[in-house]
Amino acid sequence: MALPGITPQEYSYLQTATSGLDEQQVRTFLMIYSGKRKNPSDMLLFCVIGLFLVPGLQRFIVNQIGMGILYLLTGGLCLIGSIVDIINHKSLAFEHNQRMVFESLQMVRMGGFKQY
């Protein structure tokens with residue numbers, strides 16, 4: 001699995017999640033998942049931009065719209081929330097990626113995607 005910035009934890013999670021799929025389904029899964037996942041180093045960049053320019057950007061990026069609006073209206077929860085997100089950027093990205101694994105697996109198992 002050649003995904004940029006993949007951590008051993010994410011790799012192990014992906015191996016477990018794709019264990020029951022055949023080779024074609026794994027390729028389809030990786031195609032879908034690679035477009036949805038967030039690289040932890042990119043998430044760090046979004047967190048820094050969220051701290052200095054657009055509070056809550058990192059939350060909008062990971063589809064946490066409610067938290068993004070809250071951060072935006074409160075200045076990143078008075079900067080404390082944004083600083084915590086910078087520290088926890090890897091777990092923020094991993095949690096998002098776990099949700100994307102689940103969504104991608106559902107799409108593959110529904111069988112609506114065929115690779116030509």
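Trainee: Is Phe29 buried or exposed?

Mentor: In this predicted model, Phe29 is buried, because its relative accessible area is 0%.

Trainee: Which element holds Phe29 and Tyr33?

Mentor: Both residues belong to helix α2, which spans residues 23-36. They are 4 residues apart, about one turn of the helix. Tyr33 also counts as buried, because its relative accessibility is 0%.

Trainee: How many aromatic pairs does the structure hold?

Mentor: A pair of aromatic rings is described by the distance of the centres and the angle of the planes. The structure holds 2 aromatic pairs. In one of them, the ring centres of Tyr13 and Phe94 are 6.0 Å apart and the planes stand at 75°, so this pair is edge-to-face. The pair links distant parts of the chain, for Tyr13 lies in helix α1 (residues 8-17) and Phe94 in helix α7 (residues 89-110), 81 residues apart. Tyr13 counts as partly exposed at 32% relative accessibility, whereas Phe94 counts as buried at 14%.

Trainee: Why is the pair of Phe29 and Tyr33 stacked?

Mentor: The planes of these two rings lie at 5°, and planes under 30 degrees apart count as stacked. The ring centres of Phe29 and Tyr33 are 5.5 Å apart.

Trainee: Which residues form the largest nonpolar core?

Mentor: This core has 11 residues. Phe29 and Tyr33 are among them, as are Leu3, Leu14, Ala17, Leu21, Ile32, Met100, Val101, Leu105 and Val108. The elements that give two or more residues to the core are α1, α2 and α7. Helix α7 gives the most, with 4 residues.

Trainee: With which residues is Leu105 in contact, leaving aside its neighbours within four places in sequence?

Mentor: With those neighbours set aside, Leu105 is in contact with Ala17, Leu21 and Phe29.

Trainee: Where is Leu79 found?

Mentor: Leu79 is found in the loop between α5 and α6, the latter covering 80-87. Although Leu79 is not a glycine, its phi is positive, at about 70°. Leu79 counts as partly exposed, with 43% relative accessibility.

Definitions and conventions:
Residues are numbered from 1 along each chain as its sequence is written. This is a predicted model: local features need pLDDT of at least 70, side-chain atom pairs count only at pLDDT 80 or more; totals for chains, interfaces and linings use all residues. Side-chain values use heavy atoms; hydrogens and water are left out. Rings of Phe, Tyr and Trp (its six-membered ring) pair if their centres lie within 6.5 Å; planes under 30 degrees apart count as stacked, over 60 as edge-to-face and the rest as tilted. Buried means under 20% relative accessible area, exposed over 50%, partly exposed in between (1.4 Å probe, protein chains only). A nonpolar core is a set of buried Ala, Val, Leu, Ile, Met, Phe, Trp, Tyr and Cys residues joined through side-chain atoms within 4.5 Å. Contact means heavy atoms within 4.5 Å.
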